[in-house]
Amino acid sequence: MSRPRRAAIVGTGLRAQLYTQGLARREHIDLVALCDPNQTRMAVHNRLITALGRSPAATLSPDGYADLLSDVDTVVVTTVDALHDTYIVPALEAGCQVITEKPMTTDAARCARILDTVDRTGAGVTVAFNYRFNPVHEKVHRLLRSGEIGEVLSVHFEWLLDVRHGADYFRRWHRSRAGSGGLMVHKSGHHFDLVNWWLGSVPRRVYGQGRLAFYGAANGRVSGYARDYERANGSPESMSDPFALDLAANDQLRELYLNAEHEDGYLRDLNVFGDGITIEDDMAVLVTYASGATMTYHLTAYSPWEGYRVMFNGTRGRLELEVEETLWADPGTGVTAGSGALHGDVAPPNSGGARIRVRPLWAPPRDIPVTVVHEGHGGADERMLAAMFDGVTSPVELANERDGAHALAIGLAANESFATGEPVTLPDG
């Protein structure tokens with residue numbers, strides 16, 4: 001009998017809990033190490049591990065990462081996005097299986113470093129684009145690939161983040177382009193990978209316009225939403241702010257962040273109408289693909305409801321997908337998920353439904369039956385973990401480093417186009 005695989009997780013924030021608990025539930029994997037500069041957060045993850053009947057993992061600071069690599073087979077990277085390559089490259093060089101949360105990285109130089117290491121070592125990176133594993137998205141993929149609407153000529157994709165989920169990117173480290181690459185990289189990378197996968201093509205030209213239109217100090221003063229506080233905890237001003245996050249009210253957020261502040265000073269509950277935001281909240285993008293198809297894409301981070309609409313126009317008809325994840329944002333609804341998640345962990349009480357409609361040429365439209373699961377990102381998380389760690393054969397392909405690079409390329413080109421006002425032509429490959 002072969003020994004269990006030995007795994008380590010680097011970065012122990014909220015998203016890392018998916019992997020901490022997912023690996024601890026798998027008897028054929030030993031989660032032997034956690035690596036993070038914050039001991040308090042690692043202790044929270046170790047409590048999750050031991051609650052599942054497994055031995056606690058060793059806890060290491062980043063200074064011990066290089067030595068750790070000789071003792072593990074698998075490394076899962078869930079750090080701040082801009083640090084992903086710092087851990088991916090040494091793990092590849094050590095011969096480890098490498099899994100990274102999306103985005104793979106945040107700029108072209110870091111991406112080139114990862115791709116060069118893959119080419120040099122012959123190893124590979126799995127990028128956790130879990131949206132592929134949502135059964136609704138898989139059904140769209142099957143319909144398109146079966147020729148249901150013929151050759152796809154154009155796509156229109158609108159994604160709406162409501163004022164609870166969307167605001168959360170402006171409270172935390174994601175509000176800094178230096179850390180996250182902005183929403184075009186951190187959030188829209190999910191969507192760009194979906195379209196690349198749905199079309200079976202790669203982007204060639206990108207034009208975009210984006211701005212900070214709603215959040216931020218100046219916009220808050222104009223709209224009247226501004227409140228005079230830096231962070232919500234301990235601030236009387238935040239008590240009347242529906243955009244404020246109460247870290248103390250949720251066990252996991254309190255333990256992971258509020259109780260950990262003394263170690264690194266990281267504040268998870270900043271004022272979304274404060275200063276220091278360097279990313280956009282309203283973005284429009286036009287992409288041309290190698291196949292000749294075009295995509296118009298819009299991301300809004302301050303919507304009254306959350307969900308998305310995707311329309312595909314083809315030579316034999318049109319396919320429409322609409323998903324309502326929340327029908328409206330209730331300011332009185334606190335964070336109730338066991339993991340402290342604000343989105344995707346449990347079904348909200350105001351969740352909606354989904355519809356796939358095919359409109360053939362010269363024939364009546366018809367709806368395709370679809371079942372919506374709101375927990376675990378539409379059921380995608382567990383299906384992705386099974387493909388990653390259990391060898392489960394899936395009709396959905398895990399995303400690799402090239403997929404990660406193609407999704408990143410759209411986001412980076414969009415950011416460049418926002419700044420210059422000019423379209424960006426992407427290199428082949």
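Q: Across which strands does helix α1 (residues 17–24) lie?
A: The model is predicted, so that local features need pLDDT of at least 70 and side-chain atom pairs count only at pLDDT 80 or more, while totals for chains, interfaces and linings use all residues. Residues are numbered from 1 along each chain as its sequence is written, and side-chain values use heavy atoms, with hydrogens and water left out. Helices (H or I, at least four residues) and strands (E, at least two) are DSSP runs numbered from the N terminus; axes are lines fitted to C-alpha atoms, for helices over the stretch in contact, and angles run from 0 to 180 degrees between N-to-C directions. Helix α1 runs at about 165° to β1, and the strands that it lies across are β1, β2 (29–35), β4, β5 (97–101) and β6 (125–128).

Q: Which strands are the edge strands of the open sheet of seven strands?
A: The seven strands follow the order β3-β2-β1-β4-β5-β6-β15, with mixed pairing, where two strands pair if DSSP finds at least two bridges between them. Pairing on one side only is what marks the edge strands, and these are β3 (58–60) and β15 (399–400).

Q: Which residue of β4 stands opposite I9?
A: Strand β1 (residues 5–10) and strand β4 (residues 74–77) run parallel and are joined by four bridges. Within this pairing, the residue of β4 that stands opposite I9 is V76.

Q: What is the bridge partner of V77 in β5?
A: β4 and β5 run parallel, and four bridges join them. Four of the five residues of β5 are buried (under 20% relative accessible area, with over 50% counted as exposed and values in between as partly exposed, for a 1.4 Å probe and protein chains only), so β5 is largely enclosed by the rest of the structure. In this strand, the bridge partner of V77 is T100.

Q: How is helix α4 (residues 84–93) oriented relative to helix α5 (residues 108–121)?
A: Two packed helices are described by the angle between their axes and the distance between the axes. For α4 and α5 the angle is about 5° and the axes are 10 Å apart. Angles under 35 degrees count as roughly parallel, over 145 as roughly antiparallel, 65 to 115 as roughly perpendicular and the rest as oblique, which makes α4, relative to α5, roughly parallel.

Q: Which residue caps the N-terminal end of α6?
A: The residue in question is found in the loop between β6 and α6, and it is buried, with a relative accessible area of 11%. Leaving aside neighbours within four places in sequence, it is in contact (heavy atoms within 4.5 Å) with Y308, H377, G378, A380 and R383. A side-chain oxygen of this residue lies 2.9 Å from the backbone nitrogen of V136, and the capping residue is N134.

Q: Which residues of α10 (residues 188–199) does α6 (residues 135–145) meet?
A: The axes of α6 and α10 come within 9 Å and cross at roughly 30°, and the two helices are therefore roughly parallel to each other. On the α6 side the contact involves H137, E138, V140, H141, L144 and R145, and these meet the α10 residues L194, W197, W198 and L199.

Q: Which residues of α6 are buried?
A: Just after the helix, G147 takes a positive phi of about 85°. Within α6 itself, the buried residues are V136, H137, E138, V140, H141, L143 and L144.

Q: Which strands stand at the edges of the open sheet of nine strands?
A: The order of the nine strands is β14-β13-β12-β11-β7-β10-β9-β8-β16, and the pairing is mixed. Each edge strand has a single partner strand, so one side of each is left without a neighbour in the sheet, and the strands at the edges are β14 (366–368) and β16 (424–425).

Q: Which residue of β16 stands opposite R205?
A: Strand β8 (residues 203–211) pairs with β16 in the antiparallel sense over two bridges. In β16, the residue opposite R205 is T425.

Q: Which residue in the turn between β13 and β14 has a positive phi?
A: β12 and β13 pair in the antiparallel sense over seven bridges, with L321 opposite I356 in β13. β13 also pairs with β14 in the antiparallel sense, over three bridges, and here I356 stands opposite I368 in β14. β13 and β14 form a hairpin with five residues between them, and the turn residue with a positive phi, of about 65°, is W362.

Note on methods:
A polar contact is a pair of N or O atoms within 3.5 Å; within protein, one must be able to donate a hydrogen and the other to accept it, and residues adjacent in sequence count only if both atoms are side-chain atoms.
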